[in-house]
Amino acid sequence: MKNIFIILSLLNFSLFFGQETKLSQLSSSEFMDSKIIYEDNGEDIYGYFILFKKDDVTKYLYDLEYVLLDKNLNKIASNSFTQKHSHNSLVNLKLTIKYLKKENNLLYISFIEKFKTEEYNVISDDIFNYRTLNLKDYKMSDLMIMDNDFKAKVHPDEELRFDYGGKYFFPTDSKGFIAFNHRNATHIVSFTNFKHLNKDVTEFYYLDLNLNKKWSFKFNQDPKGKSFYRYDYQYGDDSDLVFEKRFYEKASSENPKLMLTVFDVKTGRNKYDIQLGDDKYIYDLKKTVLEKDKIILFAKFYEGNKTGYFMLKKSLGYVKIVINRETGAEVSRNVFKWSDLSNKIEIDEFGQLKGGGYIHFLDFTTTKEGKTVIIGESFESGSKTKILDTYVFEFDSTMKVNYFKKVEKFKNTVNIKDGYGNSLEKYNAFDFLFSQKLSEDNYAYFYADNEKEGSSKRNPNWTLGIITYVDGKFDYQKMQLTTQNGQIYPIKAKNGYILLQEEFNKESKEKSELRLEKINY
């Protein structure tokens with residue numbers, strides 16, 4: 001096989017050519033999308049679900065084909081099915097896989113449509129339909145929705161519509177969904193479009209994967225009250241669900257009081273609240289980690305004024321809070337301030353770098369020794385936002401900086417006006433790709449070091465940046481992933497491997513390939 005990589009100075013990290021699969025050998029139909037299938041534990045990889053379009057049966061119905069691969073890229077099964085979709089001659093839509101979860105012998109799948117020309121996609125978790133794939137006979141179920149009585153039913157319309165009168169529901173990290181009930185509306189839309197009506201959201205339900213109601217929790221029961229609570233699902237596992245709980249004194253409150261609240265998955269019992277903020281600071285929760293005996297929270301914090309308002313550009317740093325998981329008692333609270341970096345880099349107390357730009361934390365990894373590895377990325381706001389360099393941190397258990405390194409990379413400009421950390425992350429504008437576990441407390445972190453798609457160049461360079469953290473030490477490599485005939489994109493794979501998908505130019509006669517490569521570290 002032709003070696004398509006230019007690999008220089010590989011010290012402790014290299015890839016060895018392994019299992020290869022050509023998409024053209026899996027199906028002769030048009031490739032639509034693919035998604036990783038995780039094992040029931042949500043961590044280990046079971047395999048891959050690949051979606052192809054065979055034909056348009058009607059203007060509202062696709063004839064589709066799926067292919068299942070195991071984690072070694074061996075074909076498990078394939079089959080055809082039809083899928084309803086919306087039709088609009090004025091926009092160009094593409095069917096994609098929004099949600100996929102394996103539980104025992106079933107795959108739960110939700111498909112959505114998005115604009116093919118959409119430059120930056122908003123990351124939103126809510127879904128409104130699903131179907132199941134049986135992993136014993138590989139048959140696909142009917143398309144299901146949840147009606148206004150919180151019951152699953154077959155989608156009733158010819159066209160896949162978003163205003164069908166049913167309810168949106170939110171996948172959790174446990175074996176179920178959250179659905180919210182509204183006091184007056186016949187159906188509820190995504191909270192991204194529903195903020196002004198939150199005082200009339202009165203209840204949420206926990207449903208199993210088949211949309212059977214298990215328990216509910218009521219709030220905001222006084223229709224005339226000015227104050228209200230808002231609940232947003234944060235994280236969970238098979239024991240607990242963690243929500244952000246915000247208290248608004250009135251609908252116009254800019255910065256409501258923020259706390260976390262924990263529910264027992266099996267019973268719905270509201271176990272306890274966790275106070276995040278205080279009278280001095282305002283907190284923005286970034287990461288929740290559930291361990292056997294504790295909950296670890298990472299939050300960005302700001303100094304508020306008398307009205308409770310804070311400026312995005314006035315962040316003081318990050319706080320790490322450890323909570324006793326059984327009792328909800330706070331065990332420790334440790335702070336990292338931007339000023340702690342002043343002996344390593346020129347930065348002010350609000351995190352502004354010399355020459356402009358701010359650092360935003362993107363990936364948080366905790367170790368059994370209590371250390372935290374964080375990957376950040378810098379940006380500079382303006383009429384168009386600049387995405388700048390990568391930053392690598394290792395903190396001890398008290399959030400003191402053990403290790404810090406700036407990794408220079410290609411400076412991209414994205415078409416987002418006055419973008420800031422959270423909004424840029426929401427729109428998937430940063431170059432960080434993903435982290436991947438190699439073995440216990442050993443990780444690899446991947447980022448793009450290239451000009452964004454849609455640049456003026458016909459074939460912009462596609463460079464993969466790789467950071468490894470093995471036995472407490474960091475190593476850095478870069479790999480050229482651009483070929484003469486196309487580009488290569490990295491995808492998560494089983495522990496110790498990376499999956500590379502090679503996409504060829506339209507002019508090329510070659511078809512897309514998947515290649516599983518072993519990481520030697």
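Colleague: Why are strand β18 and strand β19 called paired?

Modeller: In this predicted model, five bridges join β18 (residues 257-264) to β19 (residues 270-275). Pairing requires at least two bridges, so these strands count as paired. The two strands run antiparallel, and Leu260 stands opposite Ile274 in β19.

Colleague: What lies between the two strands of this hairpin, and which residue there takes a positive phi?

Modeller: Five residues lie between β18 and β19, and Gly268 takes a positive phi near 85°.

Colleague: What makes the set that includes Phe379 and Leu424 a nonpolar core?

Modeller: A nonpolar core consists of buried residues of nonpolar types, Phe, Leu, Tyr and Ile among them, joined through side-chain atoms within 4.5 Å. The largest such core has 21 residues, and those with the most contacts inside it are Phe379, Leu424, Tyr445 and Ile467. At least two of its residues come from each of β24 (358-366), β25 (372-380), β26 (385-395), β30 (442-448) and β31 (463-470). In soluble globular proteins, nonpolar side chains tend to be buried together.

Colleague: How do you know that Phe379 is in contact with residues beyond its neighbours in sequence?

Modeller: Contact means heavy atoms within 4.5 Å. With neighbours within four places in sequence left aside, Phe379 has contacts that include Tyr358, His360, Ile387, Leu424 and Phe430.

Colleague: What share of the protein chain counts as buried, and what does that word require?

Modeller: Of its 521 residues, 54% count as buried, which means that each of these has under 20% relative accessible area. The accessible surface of the chain comes to about 25000 Å², of which 44% belongs to carbon and sulfur atoms.

Methods
Residues numbered from 1 in each chain as written. Predicted model: local features only at pLDDT ≥ 70, side-chain atom pairs only at ≥ 80, totals over all residues. Heavy atoms only, no water. Helix = DSSP H or I, 4+ residues; strand = E, 2+ residues; numbered from the N terminus. Buried < 20%, exposed > 50% of the residue type's maximum accessible area, 1.4 Å probe, protein only. Areas by Shrake-Rupley, 256 points an atom, 1.4 Å probe, with all protein chains shown as cover.
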